[in-house]
Number of protein chains: 2
Amino acid sequence: MNNFEFQAPTKIIFGRDTIKQVANEIPKNKKILMTYGGGSIRKNGVYKKVMEALSEHTVMEFGGIEPNPKFETLMQAVEIVKNENIDFLLSVGGGSTLDGTKFIAAAAKFEGDPWTILSEGAEIKDAIPLADIITLPATGSEMNNGAVISRLSTNEKLAFHSNFVYPKFSIIDPETTYSLPEKQTVNGIIDTFVHTMEQYATYEVNTPLQDQWMLGLIKTLMEESKKVLQNPTNYDARANVFWCATCGLNYWMSLGCIQDWSTHMIGHELTAFYGLDHGESLAIVLPRVWKNRKNDKMQKLAKMAVEVFGANEFLPKNILADITIDKTKKFFKSLGRRIKLSDYGIDKAEAAKKISERFKERKAVLGEKCNITPDEVYDILMHC
Amino acid sequence: MNNFEFQAPTKIIFGRDTIKQVANEIPKNKKILMTYGGGSIRKNGVYKKVMEALSEHTVMEFGGIEPNPKFETLMQAVEIVKNENIDFLLSVGGGSTLDGTKFIAAAAKFEGDPWTILSEGAEIKDAIPLADIITLPATGSEMNNGAVISRLSTNEKLAFHSNFVYPKFSIIDPETTYSLPEKQTVNGIIDTFVHTMEQYATYEVNTPLQDQWMLGLIKTLMEESKKVLQNPTNYDARANVFWCATCGLNYWMSLGCIQDWSTHMIGHELTAFYGLDHGESLAIVLPRVWKNRKNDKMQKLAKMAVEVFGANEFLPKNILADITIDKTKKFFKSLGRRIKLSDYGIDKAEAAKKISERFKERKAVLGEKCNITPDEVYDILMHC
């Protein structure tokens, strides 16, 4: 096991009928900017619940944060925060709204051009305190210190991390997910699956507890996903999927492990250039990264075949790894997901060229061994 | 899944050669009282490492905190804290030293008789900040807000909880456990096993992720324990067992689940009256609590037989539950542990009478359904 440090400062409030607790968690003297997305919170009743709970607080609003939240949009909110002396941000919605809110929180206190937080990893020294009512199980952003932001003008999608943007609290009421469109539910399931695999499917450093936990999450996710798609108002199934999503990216499961994240890096570019949903891009890329890097990931993929897919442990590791790759594709397809670039009308030769060139410009090498070169990214995308 | 709230404020610093980091984690202007136990930290080199790291800090010492830390001893430390204006407590040693330090931290700021914190659950409103270098994988105290304290004069052993006594940080260097006597290693393994089972083996409320995690911990613990006993300086095995112990009682695994804790309540009384080690008492009590409450715990015990002990899932649940009880006893015995009261020269009729009468006085009913009456405690102990 590798050395690690860990702290999870976010308070989680999980369960039925918990939205009203927002009133007790934010001091009355705070001037709140409530951020949200395209307005689904007005249709599903969440907006009304939050506003009722905060009737004795001072609340301003900033709506319209997009999926893959845009720098340009978020900078409008930064202006409001500064002009109105906002001192608490409350994100109400999914992971995109929350990621955007984390950026607003950091950018409002940043001296210099906030884009450098993303483009150069400029250090964040302070942020407006923020919290969230999260309504989409997917990004795990509700219990971590990261965010991913896009820029329209340059087709870029970049991540940043800072302990200053940990949510103070996150309220998770699984009932808010009853009304999600099936496509978004599936995106969230795939996102959770791939988050877990970016932390699991690497090389072995003797972390049996962490492996049990990550594979246990995958088993649970696969079983509970089926129930959610069959019956979108099955409370326990919705709660179990949501808790998988939160735990899928609070880093708790994988402390002391090696991590990959190449699928995400390539997937982000597919979103930036072609507008694919995050969950769509991941389902396309993951199986081929595994195929290309099967030797590096052999032990872990083989273990997964036995533990998750019930394969015979005496089969050759090579065969077991193939079983995991194959069963993972089948799982994505069972969710109704298309998993080829051509399914989305994308010319793979063009995508491979554009994206590998961008990695070349950035001098980026990907994966847990930093051995996925831009040329290999080209090869991966040519097989997607 | 039940509703829950969770926050884990303790920063964990885990791995080889991490003790020196203590210097960066405590501000230089703090006046530290370093607490420890019977002096094993002088033999295993930990004392020297801590003192070297803190050479630029102001450090006083308070040694001699016993296993099952005593109220009488701890109150001496409280006097020192008050007289010397100590403003940071650093526990160096095992869970007993840390539990004792948590009590010192709370008692030093408590108005009134500090014993009422334990006897009456009197509210704690403040505490001296504390942290630890933990050297024994067992109690999980390094990442939770609880402590168990004993009183010599009345043969009592009682617990308290308060968010004010969460350690600010915990440093875990698995190499500090290389020199542990085998008896203490085994006590810690059993403590971790039973902590996990107090949270797992209850009734079903549809928490598949949590079940996977708790059973995954048990599988890992059983495999890694064997390696530790065969080779006490196997770093990875020591690291894996320690991480199991910490995760066994930070409540993370069992959020949204039902909890039991009757084995601990009865075990505490065996320690208070007869001086049994905590780990010894738990191994005696757990299997019989399960036997008595098999119907209540049937689903979970049966699931464990399949997932952990590889039993055939088509066997009747009743038989599967018996397999888990039997295999658990065998596991304890495989660690060299005796699991009957008579093995320790204790008259079970006397113990059953004394302890059941004490629960009668306290009007205590135990277990996840609060249905283990003092009369049933009598029956349980008569079969131990």
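Residues are numbered from 1 along each chain as its sequence is written, and chains are lettered from A in the order in which they are written. In this predicted model, local features need pLDDT of at least 70 and side-chain atom pairs count only at pLDDT 80 or more, while totals for chains, interfaces and linings use all residues, and side-chain values use heavy atoms, with hydrogens and water left out.

Over all chains, 52 salt bridges are counted, a salt bridge being a side-chain nitrogen of Lys or Arg within 4 Å of a carboxyl oxygen of Asp or Glu. One of these joins A:Lys330 to A:Asp326, with 3.0 Å between the closest N and O atoms. These two residues lie four residues apart in helix 13 of chain A, so that about one helical turn separates A:Lys330 from A:Asp326; helices here are DSSP runs (H or I, at least four residues), numbered from the N terminus. A:Asp326 is partly exposed, at a relative accessible area of 37%, where buried means under 20%, exposed over 50% and partly exposed in between (1.4 Å probe, protein chains only).

In chain B, B:Asp17 forms a salt bridge with B:Lys20, the closest N and O atoms being 3.2 Å apart. B:Asp17 is partly exposed at 45% relative accessible area, whereas B:Lys20 counts as exposed at 52%. A further salt bridge pairs B:Arg362 with B:Glu269, whose closest N and O atoms are 3.0 Å apart. This pair links distant parts of the chain, 93 residues apart, with B:Arg362 in the loop between helix 14 (348–361) and helix 15 (374–382) and B:Glu269 in helix 10 (residues 262–274) of chain B. B:Arg362 is partly exposed, with a relative accessible area of 33%, while B:Glu269 is buried at 1%. In chain A, salt bridges that share partners connect A:Arg293, A:Asp296, A:Lys369 and A:Glu376 in one network.

On the surface, A:Lys329, A:Lys333, A:Lys340 and A:Lys348 gather in a patch of positive charge, a patch of this kind being made of residues with over 30% relative accessible area and no salt bridge, like charges being joined within 9 Å. Among its members, A:Lys333 is located in helix 13 (residues 317–334) of chain A and is exposed, at a relative accessible area of 51%.

The structure holds zero disulfides over all chains, a disulfide being a pair of cysteine sulfur atoms within 2.5 Å. A:Cys370 is in no disulfide, and the nearest cysteine sulfur, belonging to A:Cys257, is 17 Å away.

Methods. Patches are made of residues with over 30% relative accessible area and no salt bridge: like charges are joined within 9 Å, nonpolar side chains (Val, Leu, Ile, Met, Phe, Trp, Tyr) within 5 Å. Accessible areas come from the Shrake-Rupley method with a 1.4 Å probe; for residues, only the protein chains shown count as cover. Lys and Arg count as positive and Asp and Glu as negative; His and the chain ends are not counted. The place of a charge is taken as NZ of Lys, CZ of Arg, CG of Asp or CD of Glu.
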